[in-house]
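This report goes through one structure, part by part. Please look at the sequence and the model first, then read on.

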Amino acid sequence: MRSLRLILGDQLSHSVSSLRDYDPCLDVILMCEVWDEVTYVKHHKKKIAFLFSAMRHFAGELEQKGYRTEYTRLDDLDNSGSLTGEVQRFCQKHHFERVVVTHPGEYRVLKVIELWQSKFDIPVEIRDDDRFLCSAEEFSDWAKDRKQLRMENFYRKMRQKYDVLMVGDEPVGGCWNYDIENRDSPKKGLKVPSPYMVNVDEITRDVILLVSEHFKNHFGNLEPFHFAVTRDDALKVMESFIEKRLFSFGSYQDSMIEGEPWMFHSHISFYLNCGLLQPLECVKAAEDAYIKGRAPLNAVEGFIRQIIGWREFVRGIYWLKMPKYSKQNFFQATRKLPNFYWTAKTQMNCIRQCVIETKQNAYAHHIQRLMVLGNFSLLVGIDPKYVHEWFLIVYADAYEWVELPNVYGMTLFADGGCLASKPYAAGGGYINKMSDYCTNCHYKVTKKNGSDACPFNYLYWAFLAHNRQKLKSNHRIGLMYKSYDRMSDDKKKAIRDDSNKFLSDIDRGTFV
Ligand code: FAD
Ligand code: DLZ
Ligand code: SF4
C-alpha cells in the first residue's frame, strides 16, 4: 500500500515504528519544518536550531540509506506552515493510500493527527512509540486499582522488568535507592569537567542563520552552539558522561555552583527526547561502568533511576491523565510570571544565575529547575499555565509529555499530589546548603525578615500558612506546621508583612 510515512521532529530514530515495513518502491518519508510548531509557543532560539539541524541531519542519513525522503524547509515557498497542511500537500502530490505515523509525544499533536483520516479521506495509522520502556497501556494497568501512584514502586517494577542492577530478584547492594548518599554540598574548589562540545558544521550554520533571521524576538542565545545533532555525536556525549562525570553524578546531583551550568549531569535529555539516543542503551552503559568498577553504585543507581524511573513515570502520568491534567490548579494560583524570568534582572542571585544560564544554554539541571526557578514560582503562587509555558519554551529538551508533569506535578503540586507526595517547597537555607549562590547575593540568606532578608525565607512560611487547609493533613508537611505554630505572633506578623509587600511589588512589577 502506497504510504506516506511522517516523521516528527522528536522521532529521529532509525528504529522508529513508522519506518517499519517501509516499501522502497512505493513509500515516501515526510519530514517538515513548520511555522506552527515553532511558534505555538515561542521556543528558545537554540532549541529551534538544535531540532532543525538534527532533523536535517537525520533526513540526510535516511536518504543515504536509500529511503525516498521529502523534506520541507521552513523557508520553502510552498511550505503551508503546519503539519496538517504539509501532509495534505504531499498526499495530493503522491496519491498515497495511507499515512503512517508514530504516536506523537504531545496530546495537542495527537488531536491534530486524529482529524486527518476524515479530513483527507485516507486511512491514518498511528503506531505505538516503542522507544519508551513502558507503554501507555502497561502504565495504565500498573496504575489501575492503586490508591497512590508513586515513582519508587514503579521504578522497582522497571528494574525487575529490564533486569537492571539486579541479583536475581534483589537489588544490587541490597537497597533499591541510594538517594540519601546523593546530597553532597558543592565543595570549594570542586573541579567540574567541561562538557562535550560538538563543532558547528555547514548544516547547523545554515540553520543558525535561518533562526536568527526569523525568530529574533524569541528568547535565548543562539551561540555558542555545541549540541550534538547526529546520533554519532550524541553517543559521544553519552560516552563522555560515563567516562568523566558519572563517577561524581550521585554525590553532586543536587549541587549548584555559580558559573558551572553543566555540573556532573549527563546532558543527554535533548538527545533522548528527540530520538537520537535510546533510554536502554544509556542505562546499560551506566550499569556496565558499575560492573567494571568505573563508577560507584550511588551514582549509577541514581542515574538509572532518572531514566527508567522518573522519565517513564512522568510519561505514564501524562498519557494517563491528559487532557484534564493540564487544567489543574490545586493552590488556585493566579499570579503572572515576573519579567525577570526572561531578563534575569533580579537581585536574587540564585534566580539571576539560573535564568542567565537557561538563556545561554537552553539547559539548566534538575535542581536549578526544581528548587530555584520552580520553587520560587510555587512560593509566590504563579498560575501553573504560565509556568508551564515558560518551561516548555526555554529548554531544548522540553516536550509537553515530560515538561508538563514535571511542572504541574513535581514542582507546583498543581495536581494535588497525583505525581509527588508533597510540594517541593523550600526556604533559602536549602539553596544555601546546595549552592554557592548566596555568597554573591544582595539578600542575606541568614536573615529571616526585613528588607534585606532572603525572600525565600519568609515566602516559604507564608506559603505554608496560606495553604494550611490544603496541606495540613499531608504527613510529610505536617511537622512544618508544628514549627510554624511555635513561632511568636510578632514573628508570624513579620512573615505576613514581608510576604505581602514582596508579592505586591511583584504584582506591580517593581520588585527586583
Ligand atoms: P541528568 O540529571 O543527567 O539525568 C539523566 C536523564 O534522566 C535525563 O537526561 C532525563 O532524560 C532523565 N530525567 C531526570 N530527571 C527527570 C525527570 N524529573 N523527568 C523526566 N526525566 C528525567 N526533563 C526533560 O527531559 N524535559 C523537560 O522539559 C523537563 N522539564 C522539567 C521541568 C521542571 C520544572 C523540572 C523540575 C524538571 C524537568 N525535567 C525535564 C527533568 C530534568 O530536570 C531534566 O530531564 C534534566 O535536567 C535534563 O538534564 P540531563 O540530561 O543533564 O539530566
Ligand atoms: C518542537 C518542535 C519544533 C520547534 N519544530 C518542529 C517542526 O518544525 N516540525 C516537527 O515535526 N516537529 C517540531 N517540533 C516538535 C513538535 O512540536 C512536537 O513537540 C513533537 O512532535 C511532539 O508531538
Ligand atoms: Fe537566592 Fe536567597 Fe540565596 Fe539570594 S540569599 S541567592 S535569594 S537563596
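Leaving aside its neighbours within four places in sequence, which residues is Asn-298 in contact with?

## Asn-298 and its surroundings

Asn-298 is in contact with Tyr-178, Glu-181, Asn-182, Gly-250 and Ser-251, leaving aside its neighbours within four places in sequence. Contact here means heavy atoms within 4.5 Å. Asn-298 is placed in helix α13, which covers residues 297–321. Helices are DSSP runs of H or I with at least four residues, numbered from the N terminus. Asn-298 counts as buried because its relative accessibility is 10%. Buried means under 20% relative accessible area, exposed over 50%, and partly exposed in between, with a 1.4 Å probe and protein chains only.

## How the model is read

This is a predicted model, in which local features need pLDDT of at least 70 and side-chain atom pairs count only at pLDDT 80 or more, while totals for chains, interfaces and linings use all residues. Residues are numbered from 1 along each chain as its sequence is written, chains are lettered from A and ligands numbered from 1 in the order in which they are written, and side-chain values use heavy atoms, with hydrogens and water left out.

## Ligand 1

How many residues surround ligand 1? The number is 29, and the closest are His-265, Ser-266, His-267, Asn-273 and Tyr-363. A residue is near a molecule if one of its heavy atoms lies within 4 Å of it. Helices α11, α13, α16 and α18 each supply at least two residues of this shell.

Some polar contacts (pairs of N or O atoms within 3.5 Å) can be listed. A polar side-chain atom of Ser-266 is 2.6 Å from an oxygen atom of ligand 1. The side chain of Asn-273 has an N or O atom 2.8 Å from an oxygen atom of the ligand. For Gln-306, a side-chain N or O atom lies 3.4 Å from a nitrogen atom of ligand 1. On its own, ligand 1 has 810 Å² of accessible area, and the protein covers 99% of this. Accessible areas come from the Shrake-Rupley method with a 1.4 Å probe; for residues, only the protein chains shown count as cover.

## Ligand 2

Ligand 2 has 19 residues around it, and those that come nearest are Gly-9, Asp-10, Cys-32, Val-34 and Glu-37. A backbone N or O atom of Val-34 lies 2.9 Å from an oxygen atom of ligand 2. For Gly-9, a backbone N or O atom is 3.0 Å from an oxygen atom of the ligand. In Gly-105, a backbone N or O atom lies 3.3 Å from an oxygen atom of ligand 2. The protein covers 99% of the 490 Å² of accessible area that ligand 2 has on its own.

Why is helix α18 described as largely enclosed by the rest of the structure? The reason is that 11 of its 12 residues (400–411) are buried. Among them are Trp-401, Leu-404, Tyr-408 and Met-410. The cover over these buried residues includes α4 (107–114), α11 (269–274), α13, α16 (366–380) and α17 (384–394). After α18 comes Phe-413, with a positive phi near 55°.

Helix α3 has 12 residues (83–94), so at 1.5 Å a residue it should span 16 Å; its end C-alpha atoms are 17 Å apart, which agrees. The expected span is 1.5 Å times one less than the number of residues. The buried residues of α3 include Leu-83, Val-87, Phe-90 and His-94. Just after α3, His-95 takes a positive phi of about 55°.

The peptide bond from Glu-223 to Pro-224 is cis, with omega near 0°. Pro-224 is in the loop between α8 (202–214) and α9 (231–244). Another cis peptide bond runs from Met-322 to Pro-323, with omega near 5°. Pro-323 is placed in the loop between α13 and α14 (340–343).

Asp-145 is a residue other than glycine with a positive phi, near 70°. Its place is the loop between α6 (136–143) and α7 (151–161), and it counts as exposed because its relative accessibility is 75%. Met-263, not a glycine, has a positive phi of about 40°. Met-263 lies in the loop between α10 (246–249) and α11, and is buried with a relative accessible area of 0%.

## Cysteines

A disulfide is a pair of cysteine sulfur atoms within 2.5 Å. By this rule the count is zero disulfides. Cys-274 is in none; its nearest cysteine sulfur, that of Cys-282, is 12 Å away. Cys-274 counts as buried because its relative accessibility is 0%.

Note on methods:
Polar contact = N/O pair within 3.5 Å; in protein donor to acceptor, adjacent residues only side chain to side chain.
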